[in-house]
Amino acid sequence: MPKHLPPAPRPPRWQRDLLIMGACVLLGWAASVQGNWFEHFSRFAQRHERWQLDEWPLGLLLLSLGLVWFAGRRLRELRAMLAERAAAEQRIAELLTHNQHLARQLIRVQEAERRSIARELHDEFGQGCTAIRIEARLLNRPEAPEAVRQGAQRIARSAEHLYGLVRELLVRLRPHSLDSLGLEAALHELCEGWEAQTGVACRLHTQLPEQPLDDAVAVTLFRLVQEGLTNIARHAGADEACVTLQAARWPHQPLQLQIEDNGCGLPGAANDESAAPPRTGFGLAGMRERVAALQGELQFDSAATGGLRIHVTLPAERAA
């Protein structure tokens with residue numbers, strides 16, 4: 001069976017245009033020779049000498065040369081403008097890459113600082129609260145005066161309340177399960193805690209790969225879900241939320257994260273799914289920055305239940 005030969009390379013477009021123009025000139029010259037057009041034009045020009053028709057070919061030739069010069073000049077200006085535009089686009093791409101790198105560095109430093117603050121809170125403040133509770137328990141003895149026992153009980157309740165606040169701050173700063181058990185366990189803990197705190201039902205569906213996700217990706221996904229649930233609790237007025245994470249084939253296929261609710265949604269989104277999300281607030285701005293740092297895409301539209309749907313896509317190239 002004969003092998004198919006590759007098609008011959010086509011000449012550049014300007015060469016094809018030049019060949020077409022030369023062929024048209026040759027065809028016109030052959031037609032002029034065949035029909036004696038110049039002789040007919042000469043007789044016609046002699047009959048209308050007052051119009052000076054025999055001088056028009058030179059004027060038309062000069063006009064054609066002027067148009068050729070004008071077109072060449074405009075072409076050079078266009079090429080220079082396109083070169084400047086290409087250089088500007090390259091510069092913008094370099095600046096965008098640099099900004100993304102800075103954003104990743106900033107997020108990395110921020111997470112490291114949060115981890116350090118969480119460790120200090122756990123080691124210092126948490127131990128201090130525990131020590132206060134122990135001292136209050138020692139004061140709350142049967143042989144102690146009633147006023148002292150009541151004061152010790154108040155101290156113990158205050159220390160317990162402070163310890164609960166510290167635990168909430170630790171979860172918000174850097175959840176321990178994210179480092180010890182992984183992203184899936186941290187998301188389950190986050191959704192369960194959010195549901196218990198707000199009374200809003202939260203469903204979580206995850207499909208994660210066998211190998212652990214990169215720390216930057218895992219932290220970004222956790223923060224996105226955390227901020228999305230916070231916005232639902234504050235603004236949506238919903239009674240149900242759903243978080244779906246599909247990353248089973250990561251890093252070979254894009255990662256998909258979806259957060260939706262059945263609340264009031266975006267203003268105007270009920271009739272227009274392309275309605276823009278609100279531009280105010282640090283929460284949405286932080287979500288955009290985190291997704292942009294990983295070269296991902298963040299979209300807001302209307303959910304099937306009428307509320308807001310946040311859709312995040314992280315490209316597979318991020319794994320490289």
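A nonpolar patch here is made of residues with over 30% relative accessible area and no salt bridge, with nonpolar side chains joined within 5 Å. In this predicted model, Leu-75, Leu-78, Met-81 and Leu-82 form such a patch on the surface, and together they have about 370 Å² of accessible area. One of these residues, Met-81, sits in helix α3, which covers residues 56-139.

Helix α3 also holds a charged pair. Arg-73 and Glu-77 both belong to this helix and are four residues apart, about one turn. Their side chains meet in a salt bridge, with 4.0 Å from N to O. The structure as a whole holds six salt bridges.

Now follow the chain to helix α7, residues 215-236. Its 22 residues should span 32 Å at 1.5 Å a residue, and the C-alpha atoms at its ends are 30 Å apart, which agrees. Just after the helix comes Gly-237, with a positive phi of about 65°.

Here are two of the atom-pair distances side by side:

| Pair | Distance |
|---|---|
| Arg-73 and Glu-77, side chains, N to O | 4.0 Å |

How confident is the prediction? The chain averages a pLDDT of 78, and 82% of the residues score at least 70. Over residues 269-276, however, pLDDT stays under 50, and the model has 11 contacts beyond four places in sequence for them. Where pLDDT is low, the predicted coordinates should not be read in detail.

Definitions and conventions
Residues are numbered from 1 along each chain as its sequence is written. This is a predicted model: local features need pLDDT of at least 70, side-chain atom pairs count only at pLDDT 80 or more; totals for chains, interfaces and linings use all residues. Side-chain values use heavy atoms; hydrogens and water are left out. Helices (H or I, at least four residues) and strands (E, at least two) are DSSP runs, numbered from the N terminus. The expected span of a helix is 1.5 Å times one less than its number of residues. Patches are made of residues with over 30% relative accessible area and no salt bridge: like charges are joined within 9 Å, nonpolar side chains (Val, Leu, Ile, Met, Phe, Trp, Tyr) within 5 Å. Accessible areas come from the Shrake-Rupley method with a 1.4 Å probe; for residues, only the protein chains shown count as cover. pLDDT is the predictor's confidence in each residue, from 0 to 100. Contact means heavy atoms within 4.5 Å.
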